[in-house]
Amino acid sequence: MAIQKTTDTDKENNRINLRDLECFIAVVEEGNIITRAAAKLKISQPCLSNQIIKLEEKLGGVTLLEKKKLTQAGKAFFDEAETILSALKAAAQRTKRIHQGESGYLAVGFTSSMANGVLPNILRTFKKDYPEIKLILSEETGSDRISRLREQLVDIMFFYSEDRDFSEEKDLKIKKIGSESLVVVLPENHPLATKAKITINDLRDEDLILPDRQFATGLCKEIIDLYTQAKIQPKIVLNAVFMVTILGLVSGEFGISILPDSVKNLHRTGVVYREIAGQLTKKNQLCAVYRKGNFSIILKNFLDTIK
């Protein structure tokens with residue numbers, strides 16, 4: 001006796017497809033009336049009837065409809081078919097929203113000083129415009145910040161331009177955001193606190209608390225440049241990593257400091273902020289850095305928000 005082999009075509013013909021589900025659901029939704037369902041699907045009545053018969057055969061000879069009524073098996077299959085199509089539509093919609101940059105996630109790296117300045121406004125605006133985007137935020141303080149960007153652990157990183165020379169970084173793109181001037185941070189009872197503006201010459205004999213050079217290279221350079229322009233040697237007594245640490249030390253009258261203007265958003269008891277008169281050095285440029293090969297629509301929308 002010859003054994004008949006099952007071909008790939010036979011397997012394909014026996015598979016239930018989406019069209020099978022759509023036809024069956026249409027029939028049920030039209031009260032199990034084939035003529036109305038056929039008109040809804042814009043196919044002939046014989047074609048639809050044949051589609052239902054073939055579906056029953058694919059299910060192993062199960063009867064789904066009997067005398068224009070759903071069988072118990074038909075009811076069970078209808079519930080499952082609706083779930084499948086609903087899940088498929090939801091997946092298609094979700095995929096479309098991700099493609100359009102309206103859903104998904106974005107990893108954002110920043111320094112602590114950025115969190116005191118322009119960054120909160122950018123994040124607030126972006127979350128309002130794209131509520132389904134999950135922002136993964138990370139405060140970056142290490143010297144390997146660029147490595148994390150290159151390794152795609154972060155999508156975009158906020159920097160002060162003076163913290164690093166990006167001119168040779170051919171794989172990165174830089175977007176300038178704005179600039180910040182510097183302010184003097186004084187204990188509230190300091191004699192200079194009575195002045196509206198302070199010159200660097202006024203600070204000649206003051207102990208200076210600087211941000212840590214490792215994490216704020218550009219900021220430290222800009223502060224030192226102010227003293228150099230005034231031909232004064234700064235009396236540096238300490239380098240501190242965090243802004244709140246510096247403010248605490250100033251409040252304790254351990255010394256004075258010079259920090260970006262955004263530090264004024266940190267309301268620390270016992271501390272006052274004063275403008276610097278004759279600030280000759282260039283203002284510290286804020287910038288966003290990202291990989292050239294990152295073509296994410298979400299990133300593009302985020303950059304538009306920055307703009």
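Okay, let's start inside: Phe 24 is buried, and Phe 78 is buried too. Buried here means under 20% relative accessible area, with over 50% being exposed and anything in between partly exposed (1.4 Å probe, protein chains only).

Quick housekeeping. This is a predicted model, so local features need pLDDT of at least 70 and side-chain atom pairs count only at pLDDT 80 or more, while totals for chains, interfaces and linings use all residues. Residues are numbered from 1 along each chain as its sequence is written, and side-chain values use heavy atoms, with hydrogens and water left out.

Back to the rings. A search of the whole structure turns up five aromatic pairs. Rings of Phe, Tyr and Trp (its six-membered ring) pair if their centres lie within 6.5 Å; planes under 30 degrees apart are stacked, over 60 edge-to-face, and the rest tilted. Phe 24 sits in helix 2 and Phe 78 in helix 5, so their pair ties together parts 54 residues apart in sequence. Helices (H or I, at least four residues) and strands (E, at least two) are DSSP runs, numbered from the N terminus.

Next, Phe 126 and Phe 302: edge-to-face again, 5.1 Å centre to centre and 80° between the planes. Because Phe 126 is in helix 7 and Phe 302 in helix 11, this pair ties together parts 176 residues apart in sequence. Both Phe 126 and Phe 302 are buried. Ring pairs also link Phe 126, Tyr 130, Phe 158 and Phe 302 into a cluster.

Now, pockets. A pocket is an open set of points on a 1 Å grid over the protein atoms alone, where a 1.4 Å probe fits, with protein on both sides within 12 Å along at least five of seven lines; lining residues have an atom within 4 Å of a point. Volume is the space filled by probe spheres set on the points, which are joined across faces, edges and corners.

The largest pocket holds about 190 Å³. Which helices each supply at least two of its lining residues? Helix 2 (18-29), helix 3 (34-41) and helix 5 (72-99). The lining includes Glu 22, Lys 40 and Lys 89, and divides into four nonpolar, one polar and five charged residues.

The second largest pocket is about 150 Å³. Among its lining residues are Lys 173, Tyr 290 and Leu 303. Helix 11 gives the most to that lining, with four residues.

Terms used: Ala, Val, Leu, Ile, Met, Phe, Trp, Tyr, Cys and Pro count as nonpolar, Asp, Glu, Lys and Arg as charged, and the others, Gly among them, as polar.
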